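Please view the sequence and the structure first.

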Amino acid sequence: ALLYRLLKDKRVPLKTKLVISGAIAYIAFPTDIIPDNIPFVGKIDEIAVAFFAIERIIDDVPINVILENWEGKNDIVLVIKNIIEYVVNFTGAKNVEKVYNFVEEVMSL
């Protein structure tokens with residue numbers, strides 16, 4: 001429900017809406033970079049895409065916009081933010097920033 005509301009919200013940047021849409025499409029699409037029939041490893045690409053999209057939402061969308069579109073308790077959003085920051089710091093996933101920055105440059109043209 002939160003993703004749907006963020007996609008409809010005019011205060012969310014277009015580039016963030018593209019990241020959300022792309023992540024949903026990738027996770028829903030049956031063909032993956034890493035086949036799902038490989039135990040545990042098959043789901044890593046979906047998890048990475050989901051974490052990247054969540055990180056982008058947290059970084060690009062003001063917290064008040066997220067909370068206005070959130071139906072649940074507000075403290076869970078802060079817990080999710082802390083988990084994302086921990087995973088990004090633990091795994092060194094900052095290299096995905098290059099792809100995101102490229103999308104941002106293309107959008108500014």
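## Arg56 and its partners

Asp59 and Arg56 sit three residues apart in helix H3, so about one helical turn separates them. Helices here are DSSP runs (H or I, at least four residues), numbered from the N terminus. Asp59 forms a salt bridge with Arg56, with the closest N and O atoms 3.3 Å apart. A salt bridge means a side-chain nitrogen of Lys or Arg within 4 Å of a carboxyl oxygen of Asp or Glu. Asp60 also meets Arg56 in a salt bridge, at 3.6 Å, N to O. Those two are four residues apart in helix H3, about one turn. An α-helix has 3.6 residues a turn, so residues three or four places apart point the same way.

Arg56 is buried at 4% relative accessible area. Asp60 is buried too, at 19%. Asp59 is partly exposed, at 46%. The cut-offs are under 20% for buried, over 50% for exposed and in between for partly exposed (1.4 Å probe, protein chains only).

## Basis of the model

This is a predicted model; local features need pLDDT of at least 70, side-chain atom pairs count only at pLDDT 80 or more, and totals for chains, interfaces and linings use all residues. Residues are numbered from 1 along each chain as its sequence is written, and side-chain values use heavy atoms, leaving out hydrogens and water.

## Helix H3

Helix H3 runs over residues 44-60 and has 17 residues. From first C-alpha to last it reaches 24 Å, close to the 24 Å expected. That expected span is 1.5 Å times one less than the number of residues. Its buried residues include Phe52, Ala53, Ile57 and Ile58.

## Other charged side chains

The whole structure holds five salt bridges. One of them joins Arg5 and Glu71 at 2.4 Å, N to O. Arg5 lies in helix H1 (residues 2-8) and Glu71 in the loop between helix H4 (63-69) and helix H5 (74-91), so the pair ties together parts 66 residues apart in sequence. Arg5 is partly exposed at 28%; Glu71 is exposed at 63%.

Lys17 lies in helix H2. Lys17 is buried yet has no salt bridge. The nearest side chain of opposite charge, Asp9, is 6.5 Å away. A polar atom of the Lys17 side chain does lie 3.3 Å from the backbone oxygen of Leu7.

## Ile38

Ile38 is found in the loop between helix H2 (14-28) and H3. At 37% relative accessibility, Ile38 counts as partly exposed.

Definitions and conventions:
Lys, Arg positive; Asp, Glu negative; His and termini not counted. Polar contact = N/O pair within 3.5 Å; in protein donor to acceptor, adjacent residues only side chain to side chain.
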